[in-house]
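Trainee: I would like to learn how to read strand pairing, pockets and salt bridges from a set of coordinates. Could we take these topics one after another?

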Amino acid sequence: MTDLIVMNARVIDGTGAPWFTGSVLVDEGQITSVVREATPDVDAETTVDADGRVVCPGFIDTHSHSDMRLFEEPTLEPKTRQGITTEILGQDGFSMAPMYRDGGASEWSAQLGALAGRTDIDWTWGSVADYLDAVEENGIAPNVGLFVGHGTVRYNLLGMNDREPTDDELAEMKELVTEGLEDGALGLSTGLIYTPCTYADRREVQELASALEPFGRPFVAHVRSEGRWIWDALDEFVDVGAEADVPLHLSHFKVAGLAQQGKASRATALIETARDRSVDLTVEQYPYAAASTMLSVVLPPWVHAEGPEQTLEYLSDEETRARIRRDVEEWRLEGWENIGVLTGWDDVVISNVGTDENAELEGKSVAAIAGDRGVDPIDAVCDLLIAEELAVSAVFHMMDEDDVREILAYERTCVGTDGLFGGKPHPRVYGSYPRVLETYVREENLLTLEEAVRKMTSLPARAMGLQQKGLVRPGMDADLVVFDPGRVASNATYEDPRRYPNGIDHVLVGGEPIVRGGQVTGATPGEVLTCD
């Protein structure tokens, strides 16, 4: 008797090939057979009748910020109810390990509170292996993999300091990357608009990326700019990959700000040129025209260079605040992604704060808050960051929908969420994958159903080096989603983002249901994915 059968389904195997009517058989967490029979004569302990709905591989979120959230909410309901069965952590240069610096966990947590979320959990780990053990011991519904964060590695040696590492320090940083890879990390990530990553020069980035070459694992980047300096930033990233001879993956591919809107074709052409140079480069995108990140990113990099406590002191000092204002309003720092001015303060909307006192500001723009308080936008930003001890996130409406469509249709684009939890979050946290299936497949015919599924399954599995994921094929892990293509819909909006989707009926990880009938089961069969 087989463990489980999903029968009477439209099977979409993840390759992009046309669907067919069939059934999927599962034993001991793996797919054992895929047959072209709607109702095969097979005895199974558990039967899922798809009733003509689609069964496909589980969706792989190539850009997750669930690193700390998963300890408090191991079911990760906003993600799993979208059909996500695998989360890739350690993004934008921010991993929770390795962490060996004295007092580092507390300061790192304060620095990343708006990105990773504040939590009361004790940091019991130091190494990547220790962190992954803690995740596994806690239990998790989806599978998780981890990238070593460039910023984390740099912080261990240099703190938040804006300086070049010595040769010995750079060698130690590289050793930390190698240690993380040996512990099973999937690759290395950086976020070159974020401190402390932004302090790194090309030499540092190149040297750390070279640690990946013996392992054949990818280097993932939020490049230095997606707006004013985007072309230089993309050139730097491609050159690093070419010289280090490592696979590259570009995080949340976009062209941002009015000056770059309409230039998606130029950006995708650059990706193709890189591949013509024999650079293995893939990209990902969240399917929305707004970004979301820490509000503190609107501050000049020097404000963060001495750690979060000093940052708060700077924000409280009128003379220093005047310097911040000039740097921002006059765009005085060459190469700095001045994201507040790039977006426009009317389109920077607060999405999450940590205190009840400021909860009413969630959903309001910086411009509106400044107007209500009779101050300029920089003062409004600084005052809010002080009140919340930097733990503020925001939504940045900075892209054009036509560019979003063009990038999504690009054959090398994976789908990811880049979702930050809490407050009034970006709707991508709850709705990214259903939005693709509803809006860009069913309503607009931008993608075929099979191509959309490929972008959510086998393509991200290939980009992340996950050999057992992303296909409905015998021998592959039984991570599966059953959904109704005529009913699937994202209910999450910017105004009301914390709404679950329709039409995602069943989600299985290793053959065990984590979502049944559209509701989480509470099961935590997820595994830590490592590269051995």
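This is a predicted model: local features need pLDDT of at least 70, side-chain atom pairs count only at pLDDT 80 or more; totals for chains, interfaces and linings use all residues.

Trainee: Which residue of S15 is the bridge partner of Val348?

Mentor: Val348 has Phe396 as its bridge partner in S15. Phe396 is also the bridge partner of Ala291, and strand S13 (residues 290-294) is joined to S15 by 5 bridges, again in an antiparallel arrangement.

Trainee: Is strand S15 mostly covered or mostly open?

Mentor: Strand S15, which spans residues 393-397, is mostly covered, since 4 of its 5 residues are buried, where buried stands for under 20% relative accessible area.

Trainee: Turning to pockets, what volume does the second largest pocket have, and how many residues line it?

Mentor: The volume of the second largest pocket is about 300 Å³, and its lining consists of 18 residues, with Ala461, Arg462, Ala463, Gly465 and Gln467 lying nearest the centre. Helix H19 (residues 458-464) contributes the most to this lining, namely 6 residues. Sorted by class, the lining holds 10 nonpolar, 4 polar and 4 charged residues.

Trainee: How many salt bridges are there, when a side-chain nitrogen of Lys or Arg has to lie within 4 Å of a carboxyl oxygen of Asp or Glu?

Mentor: The count by this rule comes to 33 salt bridges. One of them is formed by the side chains of Glu226 and Lys254, at 3.0 Å from N to O. Glu226 sits in the loop between strand S10 (219-222) and helix H9 (230-244), and Lys254 in the loop between strand S11 (248-250) and helix H10 (264-276), so this pair ties together parts that are 28 residues apart in sequence. Both Glu226 and Lys254 are buried.

Trainee: Where do Arg405 and Glu444 lie, and what does their pair tie together?

Mentor: The side chains of Arg405 and Glu444 meet in a salt bridge at 2.8 Å, N to O. Arg405 belongs to helix H16 (residues 401-409), while Glu444 is in the loop between helix H17 (428-443) and helix H18 (449-456), so the pair ties together parts that are 39 residues apart in sequence. Arg405 is partly exposed, with a relative accessible area of 25%, and Glu444 counts as partly exposed at 33%.

Trainee: Which residues do salt bridges with shared partners join into one network?

Mentor: Salt bridges that share partners join Arg321, Arg325, Asp376, Asp379 and Asp383 into one network.

Note on methods
Residues are numbered from 1 along each chain as its sequence is written. Side-chain values use heavy atoms; hydrogens and water are left out. Buried means under 20% relative accessible area, exposed over 50%, partly exposed in between (1.4 Å probe, protein chains only). Helices (H or I, at least four residues) and strands (E, at least two) are DSSP runs, numbered from the N terminus. Two strands pair if DSSP finds at least two bridges between them. On a 1 Å grid over the protein atoms alone, a cavity is a set of points where a 1.4 Å probe fits but cannot get out, and a pocket is an open set with protein on both sides within 12 Å along at least five of seven lines; lining residues have an atom within 4 Å of a point. Grid points are joined across faces, edges and corners, and a volume is the space filled by probe spheres set on the points. Ala, Val, Leu, Ile, Met, Phe, Trp, Tyr, Cys and Pro count as nonpolar, Asp, Glu, Lys and Arg as charged, and the others, Gly among them, as polar.
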